Amino acid sequence: ENKTFKSALEDIRDAVQKGDTLSAAMAEFPKIFPPLMIQMVAAGETTGGIDKAFSRMGGQFEKEAHLKGLIVKSAIYPIILILVIIVIVPTFTAQFDEVGGTLPTITRAVMAISDFFVDSWYYMLAIIVGLVIFFKEFKKTENGAIIMGRLALKFPMVGKLNIKTASASMTRTLSTLMGSGIQLVDALALVTDMMKNQIVKNALKKAQEEVSRGIPLSKPLDES
């Protein structure tokens, strides 16, 4: 169905038929195949367990897709709530105005919030778009990435979820890589590259350096 993916697979097939390794052929398409996948295929080719490598990758990517799905679902609720405030509440507001009388405090508060969103939605939209662009560009800077990463890990409620998500992704990926025959130091390097939070990346990079000097992985992880 995906023409780009289909074309890449055809090129990989032709390269393998000419004598190239599968991992080398896949490496020619970095926008399609992540480094993690390519390294696991290379390890499978070396150990003769490429079938197991693909099996582990399938499980790994399925779990990641499931986790992303949960995150998307958790983001849908606020969007629905905003739509209710903007679209549905104003309908009841008009009916209440016709009936008259004194409404409960909570109801009046919800109606006031609805009126604010309806009357100022374009200002809210401009502010949201501006903030998204600002934080996106800010995160590209070294200091910005560190500050945003620290906020993501310490923000109330969301911080603990981000820590657990990063920890689960790290341990699961390390297990998958080492099970495919990749050494711990190399596996840590791959896991570090795939992490999006700069604080987590820095902690894993430090752990990789200490493990390469013979220090147990548990020590740098405990210190971080």
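Visitor: How many positive and negative side chains does the protein have, and how far apart do the centres of the two sets lie?
Guide: This is a predicted model, and the charges are counted on its side chains, with Lys and Arg taken as positive and Asp and Glu as negative. On that count the protein carries 25 positive and 22 negative side chains, and the distance between the centres of the two sets is 5 Å.

Visitor: Which secondary structure elements build the protein, helices or strands, and how many are there?
Guide: Read along the sequence, the pattern is α-α-α-α-α-α-α-α-α-α. The count for the protein is accordingly zero strands and ten helices.

Visitor: What share of the residues counts as buried?
Guide: The accessible surface of the protein comes to about 15,500 Å², and 64% of that area belongs to carbon and sulfur atoms. With buried meaning under 20% relative accessible area, the share of the 224 residues that counts as buried is 25%.

Visitor: Which element gives the most residues to the largest nonpolar core?
Guide: The largest nonpolar core has 28 residues, and those with the most contacts inside it are Met26, Leu174, Leu177, Ile182, Val191 and Leu204. Two or more residues each come from α1 (3-17), α2 (22-26), α3 (35-47), α7 (158-179), α8 (184-194) and α9 (198-212). With six residues, the element that gives the most to this core is α3.

Visitor: Which residues is Leu174 in contact with, leaving aside its neighbours within four places in sequence?
Guide: Leu174 is among the residues with the most contacts inside the largest nonpolar core. Leaving aside those sequence neighbours, the residues in contact with Leu174 are Leu184, Ala187, Leu188, Val191 and Leu217.

Visitor: Why does Phe138 count as partly exposed?
Guide: Phe138 is found in helix α5, which covers residues 105-140, and, not counting residues up to four places away in sequence, Phe138 touches Gly144, Ala145, Ile147 and Met148. Phe138 and Met148 are ten residues apart in sequence, with their C-alpha atoms 8.5 Å apart in space. Partly exposed lies between the limits of under 20% for buried and over 50% for exposed. Phe138 counts as partly exposed because its relative accessibility is 26%.

Technical notes:
Residues numbered from 1 in each chain as written. Predicted model: local features only at pLDDT ≥ 70, side-chain atom pairs only at ≥ 80, totals over all residues. Heavy atoms only, no water. Helix = DSSP H or I, 4+ residues; strand = E, 2+ residues; numbered from the N terminus. Buried < 20%, exposed > 50% of the residue type's maximum accessible area, 1.4 Å probe, protein only. Areas by Shrake-Rupley, 256 points an atom, 1.4 Å probe, with all protein chains shown as cover. Charge placed at Lys NZ, Arg CZ, Asp CG, Glu CD. Core = buried A, V, L, I, M, F, W, Y, C linked by side-chain atoms within 4.5 Å. Contact = heavy atoms within 4.5 Å.
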